[in-house]
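This report describes one protein for a reader new to structural analysis. Please keep the sequence and the model in view while reading.

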Amino acid sequence: MKRYIKYLMALFIPFTTNAQTWQWAISAGGDKSDKANDITIDQFGNGYVGGYYNRPDVGAAMFGTITTVNNFGKEGFLAKVDKFGNWQWVRCAYGGWDERVLGVHADTINNYVYATGTAWEWTSFGNCVDT
C-alpha cells in the first residue's frame, strides 16, 4: 500500500496596527511549498510581498481571486495587497527553471517598488495572471 503525504504550505500575511492588534490576515499559494521571502509597506499602507511558488499539481497559485499560471519549476512573484487585505495584482519572474524574489523595498519618496532575486538561465518579469 502506497502512502502519500501532501504538504500544503501557504503564504500567510498578517497585518497589525502600531498598537500590535490584528486587523486582518490573508493567504496565497498553491498545493506545493510556496514562500514569502520579504514584505514592505508603502506610505499609503499598501503591502508588497515577494517570494516564489512552485508549479502546482492541481489548479494554480491563488492570490485571493487572482489566478496565476506557471509552466515549470519555481516562479518568483511580487504581489500588492491594499491596506484592507485585498490582493491588487501579481507580477512574476518566469523563465528557464528557478526564479525567486528575495527582497522587496518600497521607495516612499518616488513611489516605486523594487524587487531583487535570483534566476537560473533566462528570465522575464511581468504578467503571470491567467486571463
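## Overall architecture

In what order do the elements of the protein run from the N terminus on? They follow the pattern β-β-β-β-β-β-β-β-β-β-β. The protein thus has eleven strands and zero helices; both kinds of element are DSSP runs numbered from the N terminus, with helices (H or I) of at least four residues and strands (E) of at least two.

The model is predicted, so local features need a pLDDT of at least 70 and side-chain atom pairs count only at pLDDT 80 or more, while totals for chains, interfaces and linings use all residues. Residues are numbered from 1 along each chain as its sequence is written, and side-chain values use heavy atoms, with hydrogens and water left out.

## Surface and contacts

Of the 131 residues of the protein, 40% count as buried. Buried means a relative accessible area under 20%, exposed means over 50%, and partly exposed lies in between (1.4 Å probe, protein chains only). The accessible surface of the protein comes to about 8,100 Å², and 54% of this surface belongs to carbon and sulfur atoms. Such areas come from the Shrake-Rupley method with a 1.4 Å probe; for residues, only the protein chains shown count as cover.

A contact means heavy atoms within 4.5 Å. Among the contacts in the protein with a separation of 6 or more, 51% are between residues 24 or more positions apart.

## The open sheet

Five strands, in the order β3-β4-β7-β8-β11, form an open sheet with antiparallel pairing. Strands β3 (34-41) and β11 (123-127) stand at the edges; each has a single partner strand, so one side of each is left without a neighbour in the sheet. On average, neighbouring strands of this sheet are turned by 20° against each other, direction ignored. For this angle, axes are lines fitted to C-alpha atoms, for helices over the stretch in contact, and angles run from 0 to 180 degrees between N-to-C directions.

Strands of a sheet pair through backbone hydrogen bonds, either parallel or antiparallel. Two strands count as paired if DSSP finds at least two bridges between them. Strand β8 (residues 87-95) pairs with β11 over five bridges in the antiparallel sense. Gly95 stands opposite Thr123 in β11.

How many salt bridges does a search of the whole structure find? The search finds one. A salt bridge is a side-chain nitrogen of Lys or Arg within 4 Å of a carboxyl oxygen of Asp or Glu. Asp98 forms a salt bridge with Arg100, and the closest N and O atoms are 3.0 Å apart. Asp98 counts as buried because its relative accessibility is 9%, whereas Arg100 is partly exposed at 26%.

Asp98 is found in the loop between β8 and β9 (99-107). Leaving out residues up to four places away in sequence, Asp98 touches Lys74, Thr118, Ala119 and Trp120.

## Phe44 and Asn111

Phe44 lies in the loop between β3 and β4 (47-54). With a relative accessibility of 47%, Phe44 counts as partly exposed. Beyond its neighbours within four places in sequence, Phe44 is in contact with Lys83 and Asn111. Phe44 and Lys83 are 39 residues apart along the chain, and their C-alpha atoms are separated by 7.8 Å.

Asn111 lies in the loop between β9 and β10 (112-119). Asn111 counts as partly exposed at 44% relative accessibility. Although Asn111 is not a glycine, it has a positive phi of about 60°.
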